[in-house]
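Please open the structure in your viewer and keep the selection panel at hand. This tour goes from one selection to the next and says what is to be found at each stop.

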Amino acid sequence: MIRKIININKEKCNGCGLCVTACHEGAIELVEGKATLSNEHYCDGLGDCLPACPTGAITFEEREAPAYDEQAVLKAKALKLASTTNSDDNNSNSYSNAQSQLNQWPCQIKLLPVNAPCFENANLLIAADCTAYAYASFHLDFMKERVTLVGCPKLDGVDYSQKLTEIFTQNNIKSIHLVIMSVGCCGGLEIAVKKALLNSGKNIPLKTTVITTQGKILKEF
């Protein structure tokens, strides 16, 4: 049938994920860092996602599309709620007994001295601020036995590459694990780490993990 449905311009999309939250029907998902209308029959055509988009990437169009299926939406919501509830019940004891894996203080990139003793022979975790909130097992899966550095270049408004270059140069860093979100603003942290590695002249092993706004691992490389 021909009906009104949203259209997402991938070139304008910055991957912020605000439209995913705004879409109460669950029609939009982040796929490889870009908003995608993955379930056309979930889209009711009302456009709650339009005002949430900061880049104007979402518009209406009229085209051939499956009819809005309210029952499918309700069923998907019920399954998601049941899955979340079961997961919470199964993990409630482990979360209540969990211990912090933070091995030093402070942990903000801009606050830690470049010659802090914790850096010597350290395995570094360099993470975007939001990753710890999005990924439930962040402490155990990423922070354990690592020195943790967190920051957001968009909010801090600084070039992290300068300080990271000094940290890499002045200390014996064994490895670096970079954890970022699948949104556009996290690209600044990735660029800063790679630039600092290049400027340091050192061949430090680097692993990168990308987390979705739903708290899942999108990719690792």
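In what order do the five strands of the open sheet stand? Bear in mind that this is a predicted model, and then select the strands, which follow the order β6-β5-β7-β8-β9 with mixed pairing. At the edges you will find β6 (147-151) and β9 (217-220), each of which has a single partner strand, so one side of each is left without a neighbour in the sheet. If you look along the sheet, neighbouring strands are turned against each other by 20° on average, direction ignored.

Next, select residues 122-128 and 173-181, the strands β5 and β7, which run parallel and are joined by six bridges. Within this pair, Leu-125 stands opposite His-177 in β7.

Helix α6 touches β5, β6 and β7, and its direction makes about 170° with that of β5. Helix α7 touches β5, β6, β7 and β8 (206-211), and its direction makes about 160° with that of β7.

Finally, keep α6 (residues 160-170) and α7 (residues 187-200) in view, whose axes come within 8 Å and cross at roughly 45°, which makes α6 oblique to α7. The crossing of these two helices is right-handed. To see where they meet, show the side chains of residues including Leu-164 and Phe-168 in α6, together with Leu-189, Val-193 and Leu-197 among those in α7. The residues of this contact of α6 with α7 divide into eight nonpolar, five polar and one charged.

Conventions:
Residues are numbered from 1 along each chain as its sequence is written. This is a predicted model: local features need pLDDT of at least 70, side-chain atom pairs count only at pLDDT 80 or more; totals for chains, interfaces and linings use all residues. Side-chain values use heavy atoms; hydrogens and water are left out. Axes are lines fitted to C-alpha atoms, for helices over the stretch in contact, and angles run from 0 to 180 degrees between N-to-C directions. Helices (H or I, at least four residues) and strands (E, at least two) are DSSP runs, numbered from the N terminus. Angles under 35 degrees count as roughly parallel, over 145 as roughly antiparallel, 65 to 115 as roughly perpendicular and the rest as oblique. A crossing is left-handed if the near helix is turned anticlockwise from the far one by less than a right angle, and right-handed if clockwise. Contact means heavy atoms within 4.5 Å. Ala, Val, Leu, Ile, Met, Phe, Trp, Tyr, Cys and Pro count as nonpolar, Asp, Glu, Lys and Arg as charged, and the others, Gly among them, as polar. Two strands pair if DSSP finds at least two bridges between them.
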